[in-house]
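Let's walk through this one together, a question at a time. Have a look at the fold first, then read on.

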Amino acid sequence: MPNQFLNPAEVAALANELVRADGLVPFVGRSAGQHFKPGVGATVDIRKPAVLKARTREVGSVEAITADTLTEAYQSVTITEQAYSAVDLTDADLTLNLADFGRQVLAPQALAVAEYANDAIVRKLETVTADDALSTGYDAANPVRTFTAARKQLRQLRLPAAEMLAVVGTDVYADLLDSGVLDADGSRGDLIRSIRGFSVVESNRIAANDIYVYMREAVQLVSVAPAAPRGAGSAQVVTRDGLSLMSIMDYDARTLQDRSVLSVFLGVGLVTVKRADTGADVTPVIRLTV
């Protein structure tokens with residue numbers, strides 16, 4: 001079955017696998033990808049809004065007012081690698097062995113790329129140095145107190161309370177369950193609970209005794225689909241929820257094999273945000289090792 005073409009529904013499902021996978025992709029910021037421009041290198045510049053402070057004067061004053069200058073800063077996230085999955089399929093595979101190409105070939109490939117994207121996020125989080133003071137205060141019998149302290153530390157950075165996330169290892173999540181804070185029943189979506197303003201997510205990708213609390217936009221995932229190769233039999237780009245990938249199908253007449261390739265350029269970065277009061281740059285990501 002040379003030059004197998006994928007229908008749009010099959011291809012669209014691939015990008016969704018990246019989002020639905022049991023990992024961290026849904027719980028990081030992806031706005032940086034909107035700033036990518038083809039042909040200008042692997043660095044994505046993120047504009048950080050200017051921070052101003054209001055001035056005052058006495059009622060009835062006729063003195064000249066003071067005008068401020070808007071200064072916008074930029075921070076970069078670099079695309080560092082290309083994650084891909086390539087599978088060769090013989091004519092016999094396509095004719096005799098595959099009943100559902102999407103389910104048997106495309107889905108495993110999409111999940112392989114998703115696994116790598118999720119692991120890339122974990123590797124970046126692991127570069128954060130653990131906060132010893134918060135870590136040593138952890139009490140497995142009463143773990144909520146640690147989340148209260150972590151919330152206070154983030155809020156003292158003068159950051160908004162919205163979009164605060166806590167990714168916890170399996171030991172910590174077990175402590176939360178045993179303490180009665182969380183209910184073990186329900187689907188994965190139901191298990192995302194709010195504790196002290198954090199959306200708490202269990203992850204078996206991080207260390208079992210680790211906790212990461214952060215503002216969503218502080219951890220940025222950039223995904224860019226490679227340009228379509230001109231010689232490929234079929235090449236389609238799909239973008240869903242800020243994630244893009246390239247799906248290629250081609251045929252090698254020398255070996256009588258089709259090749260299915262999924263690939264994406266990836267970059268993960270920890271970015272700073274500006275304090276609302278001073279305009280100082282802060283990185284709202286805290287790691288605890290308990």
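A quick definition to start: buried means under 20% relative accessible area, exposed means over 50%, and partly exposed is in between (1.4 Å probe, protein chains only). This is a predicted model, where local features need pLDDT of at least 70, side-chain atom pairs count only at pLDDT 80 or more, and totals for chains, interfaces and linings use all residues. Residues are numbered from 1 along each chain as its sequence is written, and side-chain values use heavy atoms, with hydrogens and water left out.

Q: Is L256 buried, exposed or partly exposed?
A: L256 sits in the loop between β10 (243-252) and β11; helices (H or I, at least four residues) and strands (E, at least two) are DSSP runs, numbered from the N terminus. It's not a glycine, yet L256 has a positive phi of about 55°. Its relative accessible area is 45%, so L256 is partly exposed.

Q: What relative accessibility does R196 have?
A: R196 is in the loop between β5 and β6. R196 isn't a glycine either, but its phi is positive, about 55°. It counts as partly exposed because its relative accessibility is 44%.

Q: Which side chain makes a polar contact with the side chain of S260?
A: S260 lies in strand β11 (residues 257-270) and is buried, since its relative accessible area is 0%. Contact means heavy atoms within 4.5 Å, and leaving out residues up to four places away in sequence, S260 touches several others, including F101, V105, Q109 and I248. A polar contact is a pair of N or O atoms within 3.5 Å; within protein, one must be able to donate a hydrogen and the other to accept it, and residues adjacent in sequence count only if both atoms are side-chain atoms. At 2.6 Å, the partner of S260 is the side chain of Q109.

Q: What is the distance of the polar contact between the side chains of T272 and Q75?
A: T272 belongs to the loop between β11 and β12 (273-274). With a relative accessible area of 17%, T272 is buried. Its side chain makes a polar contact with that of Q75, at 2.8 Å.

Q: Why do the buried residues of α6 line one face of the helix?
A: The buried residues of helix α6 (residues 170-178) are V172, Y173, D175 and L176. The arc here is that of the directions from the helix axis to the C-beta atoms. Seen down the axis of α6, the buried residues line one face because they fall within an arc of 155°.

Q: Where in α3 does the kink of about 30° lie?
A: Helix α3 (residues 101-125) reaches 36 Å from its first C-alpha to its last, close to the expected 36 Å; the expected span is 1.5 Å times one less than the number of residues. The bend at a residue is the angle between axes fitted to the seven residues ending there and the seven starting there. The kink comes shortly before the proline P108, at A107.
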